[in-house]
Amino acid sequence: MDNDEPLESKTTEETETQPAPQSSDEMLYCEAEVPTPVDKEKAGRENSETDLEIEDTEKLFTTGQKELYTEACKLMGVVPVSCFLRNMEESYMNLNHHGLGPHGTKAIAIALVSNTTVISLEVADNCIMEEGTLSLVEMLQENYYLQELNISDNALGLEGAKIISEFLQRNSSSLFNLQLSGNNFKDDSAELLCQALSANYRIKEIDLSHNQFSDKGGELLGHMLALNVGLLSLDLSWNHLCSQAAMALSNGLKANITLKTLDLSMNGFGNEGAAALAEVLRLNSCLASLDISSNDISTEGVSKISKGLEFNESLKVLKLFLNPISIDGATLLILSIKKNPKSKMENLDISNVMVSEQFVKTLDGVYAVHPQLDVVYKSIQGLSVKKTILQWTNPMKLIQSYADQKEITILDFFKSLSATGAMKMSAGEFWKAMTKQNQVPLNRSQLRELTKRLEDSTGMVDFSSSLPHPEAAPLPTLLSPTGSLRQLQPQPHTLAAATFRDKCPQ
């Protein structure tokens, strides 16, 4: 028994010197701490469940990105997302439909605080709720590398709008593209968001489509547009905006000097709204793309828009798809462009309108004045199927044939379109160049297909796209014997309908 006493004393001593157990929050960052403790004042949200505790940057840089994320997942009690772990060093991170929830989102946010590679983050349809939204905006206060964020389809509602509004009013992040589609935002949310956007100058592109803004929300949005000096692109499609909203938005657009792209499709502007937008087209010198597809605009409304086009010098794209427009209305549109020598119109989408051969002859006269213009319509009345197919001879095959005759490459042909031999040019410049050259005559249908094939994600025509991919094995059904030409199947006169269906949800 005497021998047991020293052992008991030793055990007691070890118990006294054993450190107290740490909480899970402390363990996440203790493993990342430097040996010398640093005393720092806690942030105001210390007791909040969404606090990322990101004020001690020294800790974050001493732990690997993947290890930090793994520990954050342990802290939040969630399973790490393998896709996130694999792509932490990539510029684009797509975590849509991963079921992250608020805790999984917080773990992602913790890991991204010190990340310098991810520029674009997508977390749509993840039920992130208010807590997850707060985690993301707190992360954005520290991360100055993330530029694009998609938190669409998360049903954020009014509470989420409050968090986002507070974040936008700070003007303190590098974010310029924010997608908020499908978040059950109503007019009360619009009031908060518009208040923030009126003073925000950092956000350049915002998507508010598939929400529930009505005319009241439209009035608030119109007032915001009159004050905002940063937005370049605004998507308000698939809302409940009607004629009053159209008039309010139009008033805002008259004062706006920055917005380039506006999507108002799938609303209910009607002819009254079209008349208000016509006045915008007459006065606004900034807007370059306007989509008012499916707004119940008839020939009466189109006649008003046509008068605005006669004076407009900035618009390049006008989409009127799925509006009840007659051939007469379509004719008014193209003639208004012809009357305007300063028109910059490149694309007019009336792809649900069946036109006549007389319309096509009139359109040829418009093309002579504005060779960069492309008018997309449904089809020509009375045109035989055989004649339609003949119009769809593969344009690349024609170019390849010409190149073979001249003993040059396809790339040499495309580079000859530019005086500088450039490998890229805008779609409008490409159309002008192709209509002026006479070596390979192409009709508009062929030129449209060619542009679609060569156009990149930024809207530029990239001639390097005409080259075969070296890693791709030759496919006899798709490539010519030389492997330099991809065969394209004949298609209907317009591809706009298919493009529009791709854009809309199923």
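**View 1. Glycine 270 and the residues it touches.** When its neighbours within four places in sequence are left aside, glycine 270 is in contact with Asn295, Asp296 and Ile297. In this predicted model, the C-alpha atoms of glycine 270 and isoleucine 297 lie 4.8 Å apart in space, although 27 residues separate the two in sequence. Glycine 270 belongs to helix α12, which covers residues 270–283. Because its relative accessible area is 12% and buried means under 20%, glycine 270 counts as buried.

**View 2. Helix α12 packed with helix α11.** The axes of helix α11 (residues 243–255) and α12 are 8 Å apart, and the two helices pack at an angle of about 10 degrees. Since angles under 35 degrees count as roughly parallel, α11 is described as roughly parallel to α12. On the α11 side the contact is made by Ser243, Ala246, Met247, Ser250, Leu253 and Lys254, while α12 contributes Glu272, Gly273, Ala276, Leu277, Glu279, Val280 and Leu283. Sorted by class, the residues in this contact between α11 and α12 are seven nonpolar, three polar and three charged.

**View 3. Helices α8 and α9.** Helix α8 (residues 157–170) and helix α9 (residues 187–199) have axes that come within 8 Å and cross at roughly 5 degrees. This angle makes α8 roughly parallel to α9. From α8, the residues Gly157, Leu158, Ala161, Lys162, Ile164, Ser165, Leu168 and Gln169 meet Asp188, Ser189, Leu192, Leu193, Ala196 and Leu197 of α9. By class, the contact of α8 with α9 holds eight nonpolar, four polar and two charged residues.

**View 4. Leucine 208 and the nonpolar cores.** In soluble globular proteins, nonpolar side chains tend to be buried together. The largest nonpolar core of this model has 99 residues, and of these Phe84, Leu95, Leu208, Leu318, Leu348 and Ile350 touch the most other members. Leucine 208, apart from its neighbours within four places in sequence, is in contact with Leu180, Phe185, Leu193, Phe213, Leu221, Leu234, Asp235, Leu236 and Asn239. Another core, of 20 residues, lies apart from the largest one, and among its members are Leu411, Leu417, Met434 and Leu454.

**View 5. The whole protein, as a setting for the close-ups.** The protein has 21 helices and 13 strands, and 49% of its 506 residues count as buried. Among contacts between residues at least 6 apart in sequence, 81% join residues at least 24 apart. The accessible surface comes to about 24,700 Å², and 52% of this surface belongs to carbon and sulfur atoms.

Technical notes
Residues are numbered from 1 along each chain as its sequence is written. This is a predicted model: local features need pLDDT of at least 70, side-chain atom pairs count only at pLDDT 80 or more; totals for chains, interfaces and linings use all residues. Side-chain values use heavy atoms; hydrogens and water are left out. Helices (H or I, at least four residues) and strands (E, at least two) are DSSP runs, numbered from the N terminus. Buried means under 20% relative accessible area, exposed over 50%, partly exposed in between (1.4 Å probe, protein chains only). Contact means heavy atoms within 4.5 Å. A nonpolar core is a set of buried Ala, Val, Leu, Ile, Met, Phe, Trp, Tyr and Cys residues joined through side-chain atoms within 4.5 Å. Axes are lines fitted to C-alpha atoms, for helices over the stretch in contact, and angles run from 0 to 180 degrees between N-to-C directions. Angles under 35 degrees count as roughly parallel, over 145 as roughly antiparallel, 65 to 115 as roughly perpendicular and the rest as oblique. Ala, Val, Leu, Ile, Met, Phe, Trp, Tyr, Cys and Pro count as nonpolar, Asp, Glu, Lys and Arg as charged, and the others, Gly among them, as polar. Accessible areas come from the Shrake-Rupley method with a 1.4 Å probe; for residues, only the protein chains shown count as cover.
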